[in-house]
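Reader: Hello! Could you take me on a close look at one part of this model, namely how its helices pack against one another? I would like the details in one connected account, please.

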Amino acid sequence: MWSDVIYVALLLFCVFIGFYYRKIEEPHVKKWIGTIIGVIITALVTGRHIFHPLIFTLINAIIITKLSPKKCHLVSFFFSFFYLLVISRLGDYIGLSVPLTHTNLILMILTLKLSGLAFEINASINPPADDSEGIMSDALKNVNILDVFHYGFSYMGPYYRYRTYWDHIHKPFSKYVDPWPLTLCKLKQIGCFIVLFFIMNYLYPTKYILTEEYAERSFLYRHLYMYPTFALFKLRMYIGMGLAECGCQMSGLGAYPSKCTPIQGLGPKDYKSTEALCKTPEKLENEELNFDTVYNMNVWKLEKCHSLRTAMKAWNGCVQYWFGVYVYKRFPLKNLRIIVTLALSAVWHGWAPGYFLCLCQIPLFMLSDDIIMKFYHRSKENSIAKIVWYALGWYVKTTCMAYLGVQFILLGFEDSMHYYKLVYFSGHIIAVLLYVMALYCRPYLLPKTTETMDKDK
């Protein structure tokens with residue numbers, strides 16, 4: 001509990017230090033100040049385990065700067081995951097001390113940031129002809145070992161691309177945006193989430209699932225208990241991610257003109273317009289800027305959406321971007337892309353069976369979710385059918401996240417199996433029944449068009 005209090009206090013510090021950090025104009029000074037703050041926070045969080053992030057970053061810096069851009073991304077990727085999964089998490093087998101939770105979190109983010117930088121450098125050697133997304137950016141020219149350290153240890157978090165980090169130092173956008181009104185609004189939301197968290201934690205504690213009293217409750221109570229349990233977990237994530245986003249906003253990191261279409265993780269889709277505006281910075285006074293690039297949790301989109309795929313993108317969006325671009329799209333076997341991406345995401349979180357039971361079973365619910373979404377899109381606007389399919393899609397999304405999310409919380413295999421038995425594997429049964437129902441309705445609700453029948457021939 002105290003570790004969580006310290007963690008939240010450090011995040012709040014990162015938010016309010018941004019008042020002063022954002023006003024630093026000299027790029028060299030700004031870079032060093034951000035790194036020094038990051039190193040101090042890392043030292044406070046990791047203690048004697050600080051050698052882990054230092055060694056991790058040093059070796060990655062050598063890989064990224066000394067190896068050919070054609071292969072540095074693969075070497076960095078495999079080294080980063082090997083260090084995270086074996087050296088840090090299984091180090092007790094070879095006499096090393098296993099780092100604590102928050103040290104592990106720092107290594108998780110460094111794994112994405114530093115291997116992601118290597119992927120960015122690799123992509124820059126063969127950009128598309130128009131290069132609208134700015135793959136061949138000035139940010140990726142002459143990256144040295146110190147640059148890697150500055151990026152890795154910058155105090156803003158969680159994951160963002162190296163180019164986003166470079167832009168906030170070298171480009172003028174943060175001078176033309178006042179992030180405080182937006183941050184204050186988000187802090188008020190986080191305050192409400194904190195109050196709700198304590199109320200929910202008192203009424204529906206997670207550990208209650210493992211008690212004898214819970215086991216003696218009715219089946220309906222045991223089944224429905226997963227919804228407040230996962231709601232409690234979501235509130236915890238909303239608080240942590242929200243404060244991290246506020247830290248980025250106050251530092252000016254991730255600020256881009258709205259007209260350049262910034263998206264989570266990537267940054268501006270129209271990067272050429274971004275570069276053009278930098279040449280005439282006086283025009284930025286009349287431009288609307290946003291921080292969509294560094295938004296990890298789109299809370300209201302996540303709560304309202306009725307598609308499991310949409311929910312997955314809204315949940316921890318920048319991390320989802322990393323796995324989507326550097327794992328899903330690059331994996332050579334298309335039929336295995338989803339399961340490989342989910343499995344790697346599970347192992348990135350940790351070796352606990354609960355991570356695999358949660359993430360690797362998502363495709364089971366996707367089977368019905370994909371068909372239901374087709375029913376929804378084919379229905380007439382404002383019709384009862386469209387409302388029904390929306391409600392059913394929302395139920396599938398919510399049930400999937402709650403039912404599988406319990407495994408993410410319990411983590412242990414025996415605890416997970418114990419829970420499944422107590423609820424009679426009801427979530428699995430619901431997923432199968434919904435898929436069978438969707439398949440049965442499909443010929444009637446999605447009749448083949450003439451064009452589709454010609455293709456089948």
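Author: α18 passes α21 in a left-handed crossing (the near helix is turned anticlockwise from the far one by less than a right angle; clockwise would be right-handed). The model is a predicted one, where local features need pLDDT of at least 70, side-chain atom pairs count only at pLDDT 80 or more, and totals for chains, interfaces and linings use all residues. Residues are numbered from 1 along each chain as its sequence is written, and side-chain values use heavy atoms, leaving out hydrogens and water.

Helix α18 covers residues 362–378 and helix α21 residues 426–445; they pack at an angle of about 35°, with axes 8 Å apart. Helices here are DSSP runs (H or I, at least four residues; strands are E, at least two), numbered from the N terminus. Axes are lines fitted to C-alpha atoms, for helices over the stretch in contact, with angles from 0 to 180 degrees between N-to-C directions. In the pair of α18 and α21, the contact (heavy atoms within 4.5 Å) includes Phe-365, Ile-371 and Lys-374 of α18, and Ala-431, Tyr-435 and Arg-442 of α21. By class, the contact of α18 with α21 has 13 nonpolar, three polar and three charged residues (Ala, Val, Leu, Ile, Met, Phe, Trp, Tyr, Cys and Pro count as nonpolar, Asp, Glu, Lys and Arg as charged, the others, Gly among them, as polar).

Next come α8 and α11. The axes of helix α8 (residues 180–203) and helix α11 (residues 226–251) come within 9 Å and cross at roughly 155°, so α8 and α11 are roughly antiparallel (over 145 degrees; under 35 is roughly parallel, 65 to 115 roughly perpendicular, the rest oblique). Their crossing is left-handed, and the contact of α8 with α11 holds 18 nonpolar, four polar and three charged residues.

For α4 (residues 72–88) and α16 (residues 337–349), the axes come within 9 Å and cross at roughly 45°, and these two are therefore oblique to each other. Phe-77, Phe-81, Leu-84 and Leu-85 of α4 meet Leu-344, Val-347 and Trp-348 of α16. That makes seven nonpolar residues, no polar and no charged, in the contact of α4 with α16.

How far can you trust the picture? The chain averages a pLDDT of 90, and 97% of the residues score at least 70 (pLDDT is the predictor's confidence in each residue, from 0 to 100). Over residues 449–457, though, pLDDT stays under 50, and the model has two contacts beyond four places in sequence for them. Where pLDDT is low, the predicted coordinates should not be read in detail.
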